[in-house]
Amino acid sequence: MNRLFISVFSLSFLLLSCHSQKDIAVSTPQTPVPPSNIVSGYWQQHVDYKMDIDMDVNTYQYKGKQKLVYTNNSPDVLNKVFYHLYFNAFQPGSEMDVRSLTIADPDGRVKDRISKLKPNEIGYIKVNSLKQNGVTLIHETVGTVLEVELAKPITPGESVTFDMVFDGQVPVQIRRSGRNNKEGVALSMAQWYPKLAEYDFEGWHADPYIGREFHGVWGNFDVKLTIDKNYIIGGTGYLQNPNEIGYGYETGTINRPNSDKLTWHFVAPKVHDFTWAADPDYSHDTKQVPNGPLLHFLYKSTMPKEKLENWKNLQPKAVELMQFFSGNVGQYPYKQYSVIQGGDGGMEYGMCTLILGEGSFEGLFGVTAHEMGHSWFQFILASNELRHSWMDEGFTEYIGTLAESHIFNKDFEALSKRVYDVYTYLAKSGKEQPQSTHSDRYNFNQSYSISAYYKGYVFLKQLAYVIGQENQEKTIKQYFRDFSFKHPRPVDFIRTAEKISGLELDWYLIDWTQTTNTIDYAVKSVDNKSVTLERIGLMPMPIDVLVTYADGTTEDFYIPLQMMRGEKPTVATTIKDWAWAYPTYTFNVSKTIKSVEIDPKSLMADIDKTNNKK
Ligand SMILES: [Zn+2]
């Protein structure tokens, strides 16, 4: 989600320009390598949605018909299903409202705003009828979740059709979706339709909408949106009928037929959500990425001139971003991607993002880099954000920052140092909870944000220290090849890293993501030609050490971690390994020592660096 949220802690510092410049290794797209055969036994559910929506732009109410063909690929018989009715969160007294009123550090954009919504300003989805293969079903709306008793169980391998008729009202913009946001975008339609909850290897995920993050079923969407003829729509999916509605979607030209409303028909294959935005004042530009998708930019033509210039300047940079991500993670698989002004802050969706549009150019670029990066780490590699938010937020922040450093020649190590510092702040604050905490169950919003974005970033950056830079880059690409269009789990990522590096890494995943153990290694003593190091923190790590001799020469040493059962590729002098349980480690060198420094490149998130040098 939203990158700007983190600015409450540390104002988009990642956008600051840096002093030195350093080349970042960038690889070009390579010959596709087939997925390795590691996902046998895996299954995932499948949905085919057909929706017909009629929007009234005066009342912000809409009528919907939804035909959902649901295929049960699980080995289990299902007796019930659940739908998310996310818009119901925007009502006084909802869980989202009460959580925001009672948490110590509420999101500044929410605060008490939901509690003050009037009946014609709230959001809702009311299910009028629901049928399973033509048979009327009993259903109950419980907050943001629809609980459905099935007329007949769905057996493994069976497909059933659910027909639903519903009414919706678009809330005043609070978070992510809504009407008439502060930049005047009429409709930001995210989480706007009855969305079947995911049933996967961990069971049902009918999570209420309290604060954040999503998990959806992979499938295909066919959506017809009928709306006032003066509105322009952008979003997930390919427009099917530009001629019928008189809209040159590729060129931005409009020649509207003479009717009050038009029906825009979109088709989106292989996605797990469908989002759109609409406004009568959208400008629409396109830019073709060579050997890539067509980029769409929709932004309000009524913005001040300098803001409009930002949107023009963004376009070639967005092409570079798409090329960077495709080259360094994996080829973007869809034919289009849209950057759309809407929402609040920025939020990632299938084939598109909704972002605020009136910030500085740096802000606009930064949020686009982050949200476009999510196309890989969430919309192609669809890990469960509620359970493992660090896998999408942290990885996205990492790859987005890497892209930014590449495109603007910024020092990636300097940008990363700030991220490490924020993580260290959390680790020492006493407010840290393990990354395996459910996204809604953090005591503080700030703890969630730093854990997901910053500690998640450090997980991936520091992995390069643990297994070597080249192995880390190969791991990211193999992870993409093996788990695209699936729901990868943390263990899937770390197993990929293990197979690429030949090293045992379960300790890294467990200590980093399931505990709040910290890294603290120290130089305990230096005695002529002998060095003793000490492990103070509980988290194990292999150790890089720089020894400076009295004659002025230096030597790099590498101390493998015994439980890794191997060594990373390194040019350093590799010495005997260190078994974690031993608190100290001594090694001897051949010349008189002047000084010793642990991890001289600061690649390890050691929370106390004052004891790293002697
Ligand atoms: Zn994000």
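I started with the contacts of Ser-389, taking contact as heavy atoms within 4.5 Å. Leaving aside neighbours within four places in sequence, I found Ser-389 in contact with Asn-384, Gly-394, Ser-439, Tyr-448 and Ala-452. Ser-389 lies in helix α4, residues 389-407. I take helices as DSSP runs of H or I with at least four residues and strands as runs of E with at least two, numbered from the N terminus. Is Ser-389 buried or exposed? Ser-389 is buried, because its relative accessible area is 1%. The cut-offs are under 20% for buried, over 50% for exposed and partly exposed in between, with a 1.4 Å probe and protein chains only.

I noted the ground rules. This is a predicted model, where local features need pLDDT of at least 70, side-chain atom pairs count only at pLDDT 80 or more, and totals for chains, interfaces and linings use all residues. Residues are numbered from 1 along each chain as its sequence is written, and side-chain values use heavy atoms, with hydrogens and water left out.

Next I checked confidence. pLDDT is the predictor's confidence in each residue, from 0 to 100. The protein has a mean pLDDT of 92, and 92% of its residues reach 70 or more. Over residues 3-32 the pLDDT is below 50, yet this stretch has 68 contacts in the model beyond near neighbours in sequence. Where pLDDT is low, the predicted coordinates should not be read in detail.

I moved on to Lys-67, which sits in strand β2, residues 61-71. Lys-67 is partly exposed, because its relative accessible area is 39%. Leaving aside neighbours within four places in sequence, Lys-67 is in contact with Asp-48, Tyr-49, Lys-50, Thr-161, Phe-162 and Asp-163. I also logged Lys-67 and Leu-196: 129 residues apart in sequence, 12 Å apart in space, C-alpha to C-alpha.

A nonpolar core is a set of buried Ala, Val, Leu, Ile, Met, Phe, Trp, Tyr and Cys residues joined through side-chain atoms within 4.5 Å. The largest one has 179 residues, and Phe-162, Leu-187 and Trp-192 have the most contacts inside it. Helix α6, residues 445-467, gives the largest share of this core, 13 residues. With neighbours within four places in sequence left aside, the contacts of Phe-162 include Gln-66, Lys-67, Leu-130 and Ile-154.

Last, I looked at a helix pair. Pro-490, Val-491, Ile-494 and Glu-498 in α8 meet Asp-506, Tyr-508 and Leu-509 in α9.
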